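Morning, everyone. I have one structure to walk you through today. Please have a look at it first.

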Amino acid sequence: IRAGSAVVVVLKGTARAPEMVLRREIGLADPWVRESMHPYHQELGDRGLEGVRARRRGCAAAGKAARRAVRSLVGDMRSHGFDPCGAAIVVASLADPARVSGAHARAHAEEIKLFRELVERTLSACRLRVATFLEQHVRSVASSQLRRRRRQVDAMLKAFARHVGTPWRASEKQAALGAWLALSQSAKRERDSRHKVESEDRPGDETDGRLRRHSRAAGRSAAQ
């Protein structure tokens, strides 16, 4: 995620054999509202009431645009037969803007936080689990969690590049690593859920077993 935009990578398949589906960039700002791209920069040149109004106007427009863009992306995936199982966000910083020194650097930190939180909340509202990673750590996290050596991770990134073509920028590689991690985490949740069900089905007290099976059936019906 950057201020006003995000690189999106969609993967399918399994964590062992992920397949590239889509690489694209989406806008998170409103092109009709200039202040929405960098809302917190508006107060740098005007610390008076007009600067505050411009910042608020930009934040409001960014909120609407980001929610619309993310919902549209998830809706497009579902309309093309994909059932999103999770999402990852990769950002340059998770710093608390209040702790950032310098007005200009603080404005950047505020905007990164603004767009990250907008995307996180909208994905959660779309019933997707969201994980957030730092750009500088996402490769090492991927190597550790996916149990792949660095050269194996790099080989998979090259395979993705062959599918989507060039240019294959650093931000796209980071987005692909985030998607791969989301795919892996979703598979782990599914395995854990399956193991829990299997453990409940093990032989035991017959009455308790009937009660557990009835409870699970009721839970499935309520969720449908």
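First, how to read it. This is a predicted model, where local features need pLDDT of at least 70, side-chain atom pairs count only at pLDDT 80 or more, and totals for chains, interfaces and linings use all residues. Residues are numbered from 1 along each chain as its sequence is written, and side-chain values use heavy atoms, with hydrogens and water left out.

The layout. The protein chain has seven helices and four strands. Helices here are DSSP runs of H or I with at least four residues, strands are runs of E with at least two, and both are numbered from the N terminus. The order from the N terminus is β-β-α-α-β-α-β-α-α-α-α.

Now the totals. The protein chain has 224 residues, and 38% of them count as buried. Buried means under 20% relative accessible area, exposed means over 50%, and partly exposed is in between, with a 1.4 Å probe and protein chains only. Take the contacts in the protein chain with a separation of 6 or more: 66% of them come from residues 24 or more positions apart. Contact means heavy atoms within 4.5 Å.

On to charge. How many salt bridges does a search of the whole structure find? Eleven. A salt bridge needs a side-chain nitrogen of Lys or Arg within 4 Å of a carboxyl oxygen of Asp or Glu.

Here is one: Glu43 with Arg55, closest N and O atoms 3.1 Å apart. This pair links distant parts of the chain, with Glu43 in helix H1 (residues 42-45) and Arg55 in helix H2 (residues 49-79), twelve residues apart.

Next, Asp154 and Arg139. Their side chains form a salt bridge at 2.3 Å, N to O. Asp154 sits in helix H5 (residues 150-164) and Arg139 in helix H4 (residues 135-145), 15 residues apart. Asp154 is partly exposed at 25% relative accessibility. Arg139 is also partly exposed, at 22%.

Then Glu172 and Arg169, a salt bridge at 3.2 Å, N to O. Is Glu172 buried or exposed? Buried, because its relative accessibility is 5%. Arg169 is partly exposed at 39%. Both belong to a network of salt bridges that also takes in Arg23 and Glu25.

Glu25 comes up again with Ser5. Ser5 is in strand E1 (residues 5-13). Its relative accessible area is 17%, so Ser5 is buried. Leaving aside neighbours within four places in sequence, Ser5 is in contact with Glu25, Ile26, Gly27 and Leu28.

Last stop, Leu157. This residue is in helix H5. At 4% relative accessibility, Leu157 is buried. Which residues does Leu157 touch, not counting those up to four places away in sequence? Arg139, Trp168, Lys173, Ala176 and Leu177. As for Leu177, it is 20 residues from Leu157 in sequence and 8.1 Å away in space, C-alpha to C-alpha.

That's my tour. Thanks.
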